Amino acid sequence: MIGSPQINRCIRRIISPALKENGFSKVETRKAWGWHGHVIWVLKIKAIGNYLSQVIGMPPMSAFVEIGVFYDFIPFGVYAPSKIEKGFVPEIEDCHIRSELLCTLDQSTLKKVLFNPANRKRKDIWWIEKDGSNVEEVVNNIKDAFLKQGVSWFKKFNDLRLALREIEKERDCYNKFYRAVYFAKQLRNKPKLNKYKRLFNEESDKLSKETFTQYGT
């Protein structure tokens, strides 16, 4: 069975140079970051692991790629530091907007053995054979997905006005209003700042009442 060291060597040889040439200044084997003004780009390549392998039926070294953007003008919130320290390096889980790269290889022959039809149609996971016979093909396709899907996605969310418009399309919730407040503040958009402060406070009050009802006496 192929192991992480062999896959990692292939990633460093094929994907790392493409990341460095397209906006990423800190590149590790499976993680990368790019600093662009108030925006930090984050990319992570991760194996699905043994548990998910058993659940969906793909080999454990099969991979998915998460991408995200972190905005340094948005405080963390109640349970984390309210201030972003100099040199802070966010994880993908910290990002304020997240997405994924999609596989464009035809892996239908490999996936036909999967029990669940939905898993056969999944494009968010690259199937890597246990013997590693298709590793180079997969890693090249991840690189192509980054260049064709990822680069434009990252550049899109460098535009703060456009990013706010995308956030505004999300379903109404605490997290949406929280982010929108700080975007409006950064953009000096007073009408939207007042709007989202009001909505955020209303949502906070509603959540507080729900919590009290559930746990209060």
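Let's start with a definition: a residue is buried under 20% relative accessible area, exposed over 50%, and partly exposed in between, using a 1.4 Å probe and protein chains only. Take L207. L207 is partly exposed, because its relative accessible area is 32%.

Now, what are we looking at? This is a predicted model, in which local features need pLDDT of at least 70, side-chain atom pairs count only at pLDDT 80 or more, and totals for chains, interfaces and linings use all residues. Residues are numbered from 1 along each chain as its sequence is written, and side-chain values use heavy atoms, with hydrogens and water left out.

First, the overall picture. The chain has eight helices and five strands. Helices are DSSP runs of H or I with at least four residues, strands are runs of E with at least two, and both are numbered from the N terminus. Along the sequence the pattern reads α-β-β-β-α-β-β-α-α-α-α-α-α. The C-alpha atoms fill a box of roughly 55 × 45 × 25 Å, taken along the principal axes. Of the 217 residues in the chain, 43% are buried.

How about contacts? Contact means heavy atoms within 4.5 Å. Take contacts between residues at least 6 apart in sequence: 58% of them join residues at least 24 apart.

Next, helix pairs. Two packed helices are described by the angle between their axes and the distance between the axes. Here, axes are lines fitted to C-alpha atoms, for helices over the stretch in contact, and angles run from 0 to 180 degrees between N-to-C directions.

Pair one is α1, residues 4–21, with α5, residues 135–156. Their axes come within 10 Å and cross at roughly 20 degrees. Angles under 35 degrees count as roughly parallel, over 145 as roughly antiparallel, 65 to 115 as roughly perpendicular, and the rest as oblique. So α1 and α5 are roughly parallel to each other. Their crossing is right-handed. As for the term, a crossing is right-handed if the near helix is turned clockwise from the far one by less than a right angle, and left-handed if anticlockwise.

Who meets whom? On the α1 side we have I7, C10, I11, R13, I14, I15, A18 and L19; on the α5 side, V135, E136, V139, N140, I142, K143, F146 and L147. By class, this contact has twelve nonpolar, one polar and three charged residues. Nonpolar covers Ala, Val, Leu, Ile, Met, Phe, Trp, Tyr, Cys and Pro; charged covers Asp, Glu, Lys and Arg; the others, Gly among them, are polar.

Pair two is α6, residues 160–168, with α7. These axes also come within 10 Å, and they cross at roughly 155 degrees. That makes α6 roughly antiparallel to α7. The crossing is left-handed. From α6, the contact uses L160, A163, L164, I167 and E168; from α7, it uses K176, R179, A180, F183 and Q186. The classes here are six nonpolar, one polar and three charged.

Stay with α7, residues 174–186. The buried residues of α7 are K176, F177, Y178, R179, A180, V181, F183 and A184.

After α7 comes R188, in the loop between α7 and α8. What is the phi of R188? It is near 55 degrees, a positive value in a residue other than glycine. Most residues other than glycine have a negative phi. R188 counts as exposed, because its relative accessibility is 78%.

Back to L207, which sits in helix α8, residues 190–215. L207 and R188 are 19 residues apart along the chain, and their C-alpha atoms are separated by 28 Å.

Two more residues. P90 is in the loop between β4 (63–71) and β5 (97–100). Is P90 buried or exposed? Buried, with a relative accessible area of 0%. Leaving out residues up to four places away in sequence, P90 touches W33, I40, V42 and F70. W33 is 57 residues from P90 along the chain, yet their C-alpha atoms are separated by 8.4 Å.

Last, A63 in strand β4. A63 counts as buried, at 3% relative accessibility. I45 is 18 residues from A63 in sequence and 6.7 Å away in space, C-alpha to C-alpha. Beyond four places in sequence, A63 touches I45, K46, A47, D124, I125, W126 and I128.
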